[in-house]
Amino acid sequence: MDLIEFWHLIKKSRLLIGATTLLGLILSAIITFTTTPIYQAKAQLFVSTPASALDISALATGGSFTQQRVKSYAQIIANPLTLKPVIKDLKLDTTPDQLAKMITANVPLDTVLINLTVSNQDPKLASEIANAVADQFSVTVGDLELKGLGVDAPVKVSTVVGAIPPTTPSSPKKSLNLLLGLILGFGMGFGLSMLRAIFDNSVKNEDHLDGTPLLAAIGFDETANEKPLITQIGRYAARTESYRTFRTNLQFINPDAHPQAIVITSSLPNEGKSTSAANIALSLAKAGAKTILVDTDLRRPKIPVYFGTSSMAYGVTELISGKRLLNMKSLKELIQKDEKTPLHILVSGHIPPNPSELLGSNKFDELLALLRKQYDYIILDCPPMLPVTDAAIVAAKADGAVLVVHAGVTRRPQFIGTRDAIASVGSSVIGVVLNKIPESSLEYEYGYRYGYPRYYGSKYRSYGTKSDVLNKYEPNKEVLNRFEIEERFEHIRGRKFKEELLKELREKDL
């Protein structure tokens with residue numbers, strides 16, 4: 001992954017990363033503010049060799065001798081010989097081993113200095129222990145060096161910097177701990193996002209379609225449940241533009257012989273196949289193509305709900321089950337017309353007990369033959385492929401199928417299984433519609449955004465969106481150039497927007 005992919009992964013997983021970062025900060029704050037503060041008192045010792053004590057020339061140099069000794073002193077400064085007298089003098093309620101854990105000593109490189117550090121919860125006691133250990137250690141060294149020889153010790157330990165009570169704790173370091181909590185929380189969130197991305201096998205973009213053509217990418221619209229049809233939203237809304245793209249790609253997928261009878265299906269329920277079938281049929285009809293939408297979902301039909309027709313009306317079931325004569329006259333009697341467009345609709349009819357058998361019958365072949373004679377496009381809304389076999393049966397009789405895929409939800413094995421099932425009945429997949437794409441993924445995954453997103457902000461709600469203005473004067477679009485309205489919408493700001501726009505419309509006699 002390059003930097004831009006990492007950035008988009010962070011944007012996509014911002015809620016998870018934000019939650020783990022906040023959790024890391026909270027945990028680090030709890031640990032930091034509940035931990036008992038520890039104070040460190042520091043003293044510094046100087047180790048020297050008195051010139052009068054020995055013949056220094058026999059030791060090469062006094063400095064070399066001292067440097068060799070001082071490394072050992074740092075290791076033994078916290079031994080019981082030093083600590084027992086300190087415990088006795090200060091009347092400490094502890095043992096030499098426990099006291100030794102509070103003491104650390106180190107020797108700066110190429111020096112004869114010993115830095116002594118004592119850690120304790122009481123700053124005053126820490127300084128008292130450090131000074132006592134420094135004083136006592138000079139006595140301990142004197143006892144160890146040439147003990148019993150009757151001469152002065154060749155090494156002298158002096159305190160050059162005494163310990164004073166510290167004013168600030170050495171731990172916990174609040175700022176550092178909180179920063180580490182933020183970093184660790186962010187890292188955990190990013191790591192989980194990476195793991196999720198690695199193990200996520202859902203279909204998200206064209207690269208996951210395994211060579212199947214992408215006919216349209218339709219962004220998620222939160223108003224789609226209330227207004228599923230493109231005739232219920234603005235003419236220039238983002239979703240409407242996406243279905244125009246779908247229509248164009250469908251018409252030119254095979255310019256010499258475009259598919260006439262087209263199955264619209266999906267792998268699983270709730271992927272938007274019925275909505276897509278209705279909207280592509282509306283889009284084709286509005287473009288001037290003689291189109292009929294046939295509801296061949298004889299299990300859970302949705303078309304009557306979308307178009308407000310009766311779910312008890314006669315339709316496909318009655319025609320192919322023999323309850324109604326299958327001829328052009330009976331067919332015309334059952335076909336309904338959309339109020340807003342030239343689209344014709346044939347509903348599913350009553351739900352039968354044997355939908356698969358009815359769709360596989362010769363009667364259904366005859367129905368398709370009658371429809372082919374009358375329409376340029378026959379859009380067949382079918383049930384999902386994987387739960388039932390209805391869509392495969394209809395696809396075998398049609399000219400091809402369009403698969404609707406819920407972006408980020410439909411798994412690649414499910415998509416491939418559906419595509420292979422269609423191929424196994426001798427049909428083909430014309431293309432794929434990626435549906436319900438999150439807004440955050442549109443620009444990165446597909447390189448552009450749909451519609452006019454900046455026009456839908458709260459800044460212009462009091463005046464209506466550009467789509468509202470254009471739709472209001474749709475009957476006179478041949479007189480009023482819509483691009484003039486768009487330009488005015490771009491440049492006119494503030495309360496005068498509506499007044500100036502209406503004035504211009506009146507001047508054009510609209």
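**Notebook: a predicted model, element by element**

I began with Ser-283, which is found in helix 9 (residues 273-286). I take helices (H or I, at least four residues) and strands (E, at least two) as DSSP runs, numbered from the N terminus. The model is predicted, and I therefore note that local features need pLDDT of at least 70, that side-chain atom pairs count only at pLDDT 80 or more, and that totals for chains, interfaces and linings use all residues. Residues are numbered from 1 along each chain as its sequence is written, and side-chain values use heavy atoms, with hydrogens and water left out.

**Entry 1**

Leaving aside neighbours within four places in sequence, I found Ser-283 in contact with Ile-230, Tyr-243, Arg-244 and Arg-247. Contact here means heavy atoms within 4.5 Å.

I then turned to Leu-358, which has its place in helix 13 (residues 355-359). Leu-358 counts as buried because its relative accessibility is 9%. Not counting residues up to four places away in sequence, Leu-358 touches Thr-317, Ile-320, Ser-321, Pro-352 and Phe-364. I also noted that Leu-358 and Leu-298 are 60 residues apart in sequence, with 9.4 Å between their C-alpha atoms.

**Entry 1: strand 6**

Which faces of strand 6 are covered? I found that both are: Ala-261, Val-263 and Thr-265 are buried on one side, and Ile-262, Ile-264 and Ser-266 are buried on the other. Strand 6 (residues 261-266) is largely enclosed by the rest of the structure, because 6 of its 6 residues are buried.

I next looked up the partners of strand 6, where two strands pair if DSSP finds at least two bridges between them. Strand 6 runs parallel to strand 10 (residues 377-381), joined by 4 bridges, and Val-263 stands opposite Leu-380 there. Strand 6 also runs parallel to strand 11 (residues 400-406), with 5 bridges, and Val-263 stands opposite Ala-401 in that strand.

I recorded an open sheet of 4 strands in the order 2-3-1-4, with antiparallel pairing. Its edge strands, each pairing on one side only, are strand 2 (103-106) and strand 4 (156-161). The twist averages 30° from one strand to the next. Angles run from 0 to 180 degrees between N-to-C directions, and axes are lines fitted to C-alpha atoms, for helices over the stretch in contact.

Strand 2 is joined to strand 3 (residues 113-120) by 4 bridges, and the two run antiparallel; Asn-106 stands opposite Asn-115 in strand 3. Helix 6 (residues 123-144) packs on the sheet and touches strand 1 (39-48), strand 2, strand 3 and strand 4, its direction making about 140° with that of strand 3.

**Entry 2: helix 1 against helix 7**

At what angle do helix 1 and helix 7 pack? I read an angle of about 100° between helix 1 (residues 3-12) and helix 7 (residues 174-199), with the axes 10 Å apart. Helix 1 and helix 7 are therefore roughly perpendicular. Angles under 35 degrees count as roughly parallel, over 145 as roughly antiparallel, 65 to 115 as roughly perpendicular and the rest as oblique.

From helix 1, Phe-6, Leu-9 and Ile-10 meet Phe-186, Phe-190, Ser-193, Met-194 and Ala-197 of helix 7.

**Entry 3: backbone details in loops**

Pro-172 has its place in the loop between strand 4 and helix 7, and the peptide bond from Ser-171 to Pro-172 is cis, with omega near 0°.

Lys-91, in the loop between helix 4 (80-90) and helix 5 (96-100), is not a glycine, yet has a positive phi near 55°. Its relative accessible area is 74%, so Lys-91 is exposed. Asn-270 lies in the loop between strand 6 and helix 9 and has a positive phi of about 65°, although not a glycine. Asn-270 is exposed because its relative accessible area is 64%.

**Entry 4: the whole chain**

Finally, I counted 20 helices and 12 strands in the protein chain. Of its 510 residues, 43% count as buried.

Definitions and conventions: Buried means under 20% relative accessible area, exposed over 50%, partly exposed in between (1.4 Å probe, protein chains only).
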